[in-house]
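Trainee: I'd like to learn how to read a few features off a protein model. Could you walk me through them?

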Amino acid sequence: SSDSNYFKSTVEANRQIVAEYFLEYCNCPELSITSSSLGVLLASGLTSGIVLDCGHSITSAVPFVEGQSIDWAVCVSQLGGKDITAYFSRLLSGLGYPIRSSA
């Protein structure tokens with residue numbers, strides 16, 4: 001779709017601007033822009049594995065083999081931390097432990 005192409009071209013343009021800034025103005029000798037999932041895997045000292053990212057409203061599972069994501073196997077769920085918190089709050093309230101949230 002045209003929206004998808006626009007998003008991809010915008011992301012690429014932003015990456016190029018960031019790269020130029022770091023390389024030219026900050027005298028950064030090298031720069032690597034990767035996904036946060038790959039960054040987590042590499043920071044763990046691994047190149048293969050599955051990264052499970054549970055955010056506020058979305059959870060994703062991204063498999064990697066030798067540093068390459070397996071795009072067809074990526075799973076994304078619209079279930080996130082807020083949903084898990086709400087579920088456990090209901091369970092505890094049902095057991096007589098009401099949860100009061102300041103959020």
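Trainee: Let's start with Tyr25: is this residue buried or exposed?

Mentor: The labels go by relative accessible area: buried is under 20%, exposed is over 50%, and partly exposed is in between, using a 1.4 Å probe and protein chains only. Tyr25 comes out at 63%, so it counts as exposed. Keep in mind that this is a predicted model, where local features need pLDDT of at least 70 and side-chain atom pairs count only at pLDDT 80 or more, while totals for chains, interfaces and linings use all residues. Residues are numbered from 1 along each chain as its sequence is written, and side-chain values use heavy atoms, with hydrogens and water left out.

Trainee: Where does Tyr25 sit?

Mentor: Tyr25 is in helix H1, residues 2-25. Helices are DSSP runs of H or I with at least four residues, strands are runs of E with at least two, and both are numbered from the N terminus.

Trainee: How do I read aromatic pairs, and how many are there?

Mentor: You describe two rings by the distance of their centres and the angle of their planes. Rings of Phe, Tyr and Trp (its six-membered ring) pair if their centres lie within 6.5 Å; planes under 30 degrees apart are stacked, over 60 edge-to-face, and the rest tilted. Here there are three aromatic pairs. One of them, Tyr21 with Phe22, is edge-to-face, at 5.8 Å centre to centre and 85° between the planes. Tyr21 also pairs with Tyr25: the centres are 5.8 Å apart and the planes at 40°, so this pair is tilted. Tyr21 and Tyr25 are four residues apart in helix H1, about one helical turn. Together, Tyr21, Phe22 and Tyr25 make one aromatic cluster.

Trainee: What about charged side chains: how many salt bridges are there?

Mentor: Opposite charges can pair when their charged atoms come close. The rule for a salt bridge is a side-chain nitrogen of Lys or Arg within 4 Å of a carboxyl oxygen of Asp or Glu. That gives one salt bridge, between Arg15 and Glu12, at 3.4 Å from N to O. Both residues lie in helix H1, three residues apart, or about one turn. Arg15 is partly exposed at 39%, and Glu12 is partly exposed at 46%.

Trainee: Last one: how many disulfides are there?

Mentor: A disulfide needs two cysteine sulfur atoms within 2.5 Å. The count is zero. Take Cys28: the closest cysteine sulfur, in Cys26, is 7.4 Å away, so that is too far for a bond.
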